[in-house]
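Here is my note for your first look at this model. Keep the structure open while you read.

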Amino acid sequence: IIIFGEVGDPGVKASIAVDDVSFENNFCDELPQASGSFNCTFDTGFCGWQLGETTSPEFQSDLNQYTVKSKSPSTLRSPEIFQRKACFSFQYFVSSDSYRKDIRLLVFVRNASDSELLPFRIENVYYEQGRWHIINILLDHESAFDRVEIHHVECEVYFANFNIKSEIGNCNSNSDVKTFFVSSKKSSPKEYTVSKNGVNCDLNYPTSHFTARTIPSKDYPIPMYLFSSSYHTSLISNMDAVLDDLIGYFYVSKTSQANSSAIYYSIEDDKYGEYISEFSATPLAGNWTEYVDVVYVKRHQNHQDNGNCPPGYFDIMNKCLWLMCGGSYPTYAENRCSRTFGTLASLDETGMTRLAKYLDNIKARSVGITQITVGLSKKDRQWIWNDGRVYNNSERTLDIDSKNAYAYLTWEGNKFVLKDGNVPSQHHMCEKRGENLAYNSWPNQSSTSPEFSSELAVDGLYYTCSLTLQPTKRSQNSWWKIILDEPAKIYSVKIRLPIFAEKPLITVGLRDDGTLPNFAKDLEIDGTSENILICEPPLLARYVMIESKEGEYLQLCEVDVYAAGSLNDMLGVMRTFLYRRFYYMEYGYFDFAPSFSFSSSYGNDPEQELKAYVLAPYDGMYKFTLHGSVNAELLVTQQRDKKDILMTSSLERGKKFYASKGFFGLSFSTRYARKTKSSTIMLEACKFYFVKLTTTFTERSDTLKFTIERKNGSYWHTVEKTNLFWVLPVTVKVAKDTTRGLRV
């Protein structure tokens, strides 16, 4: 027993005398309670609770009891009590009109010995809006607590029926041990986030997870707090930060416990604040000093979910998948997947089972993920995956007679099943097309600037770059090269440079034996950070070399090399965009789309190029038709970059004048035709034609569709993906079908 105190002015030394100390067998819980009543139904007022900015109690007929409304942010404090172990319960209601996803309830107790606030529950209530909830919390602290506090942020909350009792029973509605997921940021591998679920839309997926207690105990008495800002997640051992930014907590020990795991973490800061720069499992034994941030939790386990996939993807059946978020229809979701060289995912039965298990492991449903768009659509009374496989529909969950043309992975009962629909979904499962042969390979370069090794150009991260030294002579060229494990038929080399760096003139060469190039092309890079070299048809090579000209250094942030493995990797349309990203610079980029179509944003897309090889399904005369408020130039040739022009056509919107009678008399307005047609061209079946469509004007937010019309007036509606190739294949097998034309 230690008795300490202070007399008078803290700066004045004084003596304290203690006398007549005695002990007796009793329970501190039986000491007189402070004034005020903890248990409160609000029918006679606020009892002893301090409720901050709240309204007067109101009677709720649906609950048949009184409630109080607390505005955000607010803190509710209980009367003083003295308890070691008790069950605390209350009811709450959050209205369903809140759009913020970070609305939270935080429950603390005040340590009776030192007045420190200790967390016992954090609830994200965004997914629980619009109905009343009962919450039970086991408050258990061996040193006793003398107050309960409830904080809530970003929402208005109705509360009712505060109650505390010594009878525990099945009190805790949540386990006192939780799982936490650790992820590195896709934009920065040296920055980590820690969360209670492993869902990170369009970002990285968990690299590890750990379990830790969420109520203090003798073995794990120290709270660690997770704070989040607009830029970073930080781990703090005290509550100096603002409670509004508190997103989680867990309890740790500073000394090794039985069956515990050690975690080493490091905190750094930048102009935006503190962030977690290291978070990894570490051996229990070590020469730790008091200055090293090592804590112990119940268990910490590394993940291998990404397999051989780059950062930001997880592996399911040797497919690199990622979860894309944001409400959109399946057609637009496909376009969004294509922007990063992907497509909506095609899965088999085993793949769907493993994906459902993975989503369950990372607690996807806890953040409202119950419907996910996949790459399955209906054509001619068959459900067909994006990779061309026909779905057998053995469970009869998809209706072949339904008007719905798309399928979703939907949570039903206690599992994910395929259901048809045609509604905007908030979540979409994308699959990376093709294998990047350069990823995590062993490149080399002519020289190395400190801390900018050649491997940084193949680590899957756009913000880490390789860099050579400046050549001493102007006649010398800097180079970077990669040697593949074995020769492959390369059709594409994608190069990413720093956005604000000087754009050099470079040469990309493919070599079969490492000596003379069997293919080389100069790229004059100007105004864009992403550049792609296309080799048509795909060329067998093992060496890829990139050289800078005119004696300049060479800086590469990422190099991707793709080889012909499947025709599915070449299907689609390449789109190039050019718009003013900042007021002082033009920034161009490209992506891939499943068809000649796009949705333009007002003022953002003044020009787009859509390029693909079209495999004609029939012999005959054709017209190209453009639907939308867009002007465009059409070019048809035999091959890309060839001068054998077969047709050029200007597709301009025609003007129509309308007269209408109003209050002030007759008024006139101008409207633009929604459809324009090209001149007629003869196309042969089973033959490739390179088509380039350049949009030159976008009136407003609009959708462009591009169809081909046969001479008899029937449309080949929105040129099908199976007949579009953004790069010319070596060979394509076609089969005659008298009812449906030619199919790849």
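In what sense do strand S30 and S32 pair, and over how many bridges? The pairing is antiparallel, over six bridges.

1. Ground rules. This is a predicted model, in which local features need pLDDT of at least 70 and side-chain atom pairs count only at pLDDT 80 or more, while totals for chains, interfaces and linings use all residues. Residues are numbered from 1 along each chain as its sequence is written, and side-chain values use heavy atoms, without hydrogens and water.

2. Strand S32. Strands (E, at least two residues) and helices (H or I, at least four) are DSSP runs, numbered from the N terminus. Two strands pair if DSSP finds at least two bridges between them. S29 (residues 479–496) also pairs with S32 in the antiparallel sense, over 13 bridges. Lys494 stands opposite Ile532 in S32. Ile506 has Ser548 of S32 as its bridge partner.

3. Burial. Buried means under 20% relative accessible area, exposed over 50%, partly exposed in between (1.4 Å probe, protein chains only). In S32 (residues 530–548), 14 of the 19 residues are buried, so the strand is largely enclosed by the rest of the structure. Helix H1 (residues 330–338) is also largely enclosed, because seven of its nine residues are buried. Among them are Pro330 and Cys337.
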